[in-house]
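Grab the viewer and work through these exercises one at a time.

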Amino acid sequence: MPLLNPASDQLVQKAPSSIPALFLSTKNLQKTLFAKNKNEMANLIETYACVPSTERGRGIIISGDSKSNSILYCNGRSVFIRHLDRPLDVAVYGDHSYPVTVARYSPNGEWIASADVSGTVRIWGTHNDFVLKNEFKVLSGRIDDLQWSPDGLRIVASGDGKGKSFVRAFMWDSGSTVGEFDGHSKRVLSCHFKPTRPFRIATCGEDFLVNFYEGPPFKFKLSHREHSNFVNCIRFSPDGSKLISVSSDKKGIIYDAKTGETIGELSCEDGHTGSIYAVSWSADSKHVLTVSADKTAKIWEIFEVGTGKVKKTLECPGSGGVEDMIVGCLWQNDHLITVSLCGTINLFSASDPDKPPLSLSGHMKNITTLTVLKSNQNMILSSSFDGSILRWIQGIGCSGKLKRKDCSQIKCLAAVKEEIITSGYDNKVWRVPLNEDECGVAEHIDVGSQPKDLSHAINSPDLALVSTDCGVVLLKGLQVLSNINLGFTVTASVIAPDGSEVIVGGQDGKLHIYSVSGDSLTEEATLEKHRGAISVIRYSPDVSMFASADLNREAVVWDRVSKEVKLNNMLYHTARINCLAWSPNSTMVATGSLDTCVIIHEVGKPPSSRITIKNAHPGGVYGLVFTDDCSVVSSGEDACIRVWRIAQQ
């Protein structure tokens, strides 16, 4: 049974073209757009979220709210809210203008403060469509961490800046500064408010220092230099009695939270063998969770005297490669949460740490292609710019990442029964057999030029068409049947399901139709309707029609036999069209654009009766596919996948 996304009440209806495409927060997807015909709409039923952005050699911040049992993490310009009890329950805030680095709930859970690489902090509500409370320019450079004061009246932020401005504390409602933070000479990676009175702020960074400040107004008290490498994370215990710092020197040092004096260290026995990137306290202040570049997470028991001993080492599932380094963690309620370098979120049980973790996977980079397995329409395949291929099942979410020996970038992806065909930026076309969650031995052929488009003949799966800058390559398996220079700049192409016909789109906006005979192509017709370079061409499933779209935001539906236009004036996007998909019954065409919108047209009805899904993906829509006659799946630059249900009453 499909799990409903919090945006499942979203109604996206037919909208007048005069409404511009805006980069609104994804929560605004839940607004109802005006429609001429209220009997037709598209409802968002599922969101498959991306994973947190990570960087090798750096820890990341993952935070949460114990009351709602939800977590916050960042990817690109968006903040993601996921509920641990309902992992497919996802909400997204996307109003930042620059990549977001950290987000945290206020103590009462009513507000979220998020910061980005420009040094800006935005404070917004967790309800009422993420209404913006305040926006402040806090630092001149990237903000790496921020924390609320226990009373929710102040915020401290740390990161990079000019001169000695690496830390700033300010009032949450006015932005006025509440203290001076001298003592650091380099980027400050972490900061924390003491959760009990008297208030203290602790900071640490790339200058190997741990500094204490007392206030408010806050002023420098003392500094420690026990660490011999970057100090990556610093956290006060929930009861306000202790403070711990962890570093790339593999050490964890414990301090008295009130005086700032060093009282002990984490034991070296069975300790980490790599840089420690993050630390998180248990609610009872008796244990901490640490994660490291050695690919392990460790639960430590912290004694009253200020020393720590390893209680349990958690092994996260993975291949053991660099991508399995653990760079973030959070101890929340009964959940021990870790984040790997590849972005995978693992949820361990604190009460039963031997239990295998629940893994939440997804894309980290923008999704470039989307397709479904013909043998199972509920199985969705997606690939992203970094070369990852993931499988998704409607109602469940991610069902695993396809393991490939060759992890080159992917530009085009097609699924043929139990095989996938890919092309990238290295002039190669790969055929990869699928064996459950692993890929078989992949074979490739060099087509001599970078592929621009890739399609296969559904009824003759060995037959594939690859377009290059100035021509097309016809492949049978991994054998080149023909490599033809067409004499014009090619921008898109498609081969008919039976392999008897090829349509090639050019930079000049013309569609060239060729018949296929053996290894030769014979031009049969040239169609002129578009006023921009062709971006995508697709045959309808019943092969009676084909649709084309261009960079000048127009789409056209053609009759295959007569070559006449069946549906035109599809000019409702405000930017180039990137992708196009047909419904299985060949009655609907969906287009996705750089303008963030998905527009669904019904063949046989005027274009003005369209269904418009605005702001489907901030940054642009790059993948579309129908899984049935009423469900369309989209993907985009936000690295997320969304499933929409088209309702007709």
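**Exercise 1. Find how β45 and β46 are joined, and what the turn looks like.**

Step 1: Strand β45 (residues 510-517) and strand β46 (residues 520-528) run antiparallel, with eight bridges joining them. Strands here are DSSP runs of E of at least two residues, helices are runs of H or I of at least four, and both are numbered from the N terminus. Two strands count as paired if DSSP finds at least two bridges between them.

Step 2: Pick out a facing pair: Leu521 in β46 is the residue opposite Val516.

Step 3: Now the turn. Two residues sit between β45 and β46, which form a hairpin, and Gly518 in that turn has a positive phi of about 65 degrees.

Ground rules before going on: this is a predicted model, where local features need pLDDT of at least 70, side-chain atom pairs count only at pLDDT 80 or more, and totals for chains, interfaces and linings use all residues. Residues are numbered from 1 along each chain as its sequence is written, and side-chain values use heavy atoms, with hydrogens and water left out.

**Exercise 2. Describe the whole chain: its confidence, its strands and its overall dimensions.**

Step 1: Start with pLDDT, the predictor's confidence in each residue from 0 to 100. The chain has a mean of 90, and 93% of its residues reach 70 or more. Residues 1-39 are another matter: pLDDT stays under 50 there, and the model has 115 contacts beyond four places in sequence for them. A contact means heavy atoms within 4.5 Å.

Step 2: Check burial and surface. Buried residues are 60% of the 649 in the chain, where buried means under 20% relative accessible area, exposed over 50%, and partly exposed in between (1.4 Å probe, protein chains only). The accessible surface is about 24,600 Å², and carbon and sulfur atoms hold 49% of that. Areas come from the Shrake-Rupley method with a 1.4 Å probe; for residues, only the protein chains shown count as cover.

**Exercise 3. Is Asn232 buried or exposed, and which side chain does it meet in a polar contact?**

Step 1: Find Asn232 in strand β18 (residues 231-236). Its relative accessible area is 10%, so Asn232 counts as buried.

Step 2: Look for polar partners, meaning N or O atom pairs within 3.5 Å; within protein, one must be able to donate a hydrogen and the other to accept it, and residues adjacent in sequence count only if both atoms are side-chain atoms. The side chain of Asn232 meets that of Ser248 at 3.0 Å, and also reaches the backbone oxygen of Ile276 at 2.9 Å.

Step 3: Beyond four places in sequence, Asn232 touches residues including Leu189, Cys204, Val246 and Tyr277.

**Exercise 4. Work out the surroundings of Asp446.**

Step 1: Asp446 belongs to strand β38 (residues 443-446). With a relative accessible area of 46%, Asp446 is partly exposed.

Step 2: Setting aside neighbours within four places in sequence, Asp446 contacts Asn427 and Lys428. A polar atom of the Asp446 side chain lies 2.8 Å from the backbone nitrogen of Gly448.

**Exercise 5. Inspect the backbone at Pro198, Pro216, Lys563 and Ala639.**

Step 1: Arg197 and Pro198 are joined by a cis peptide bond with omega about -5 degrees; Pro198 is in the loop between β14 (188-193) and β15 (200-205). The bond from Gly215 to Pro216 is cis too, with omega near 0 degrees.

Step 2: Lys563, not a glycine, has a positive phi near 65 degrees and is partly exposed at 24% relative accessible area.

Step 3: Ala639 also has a positive phi, near 65 degrees, but is buried, with a relative accessible area of 2%.
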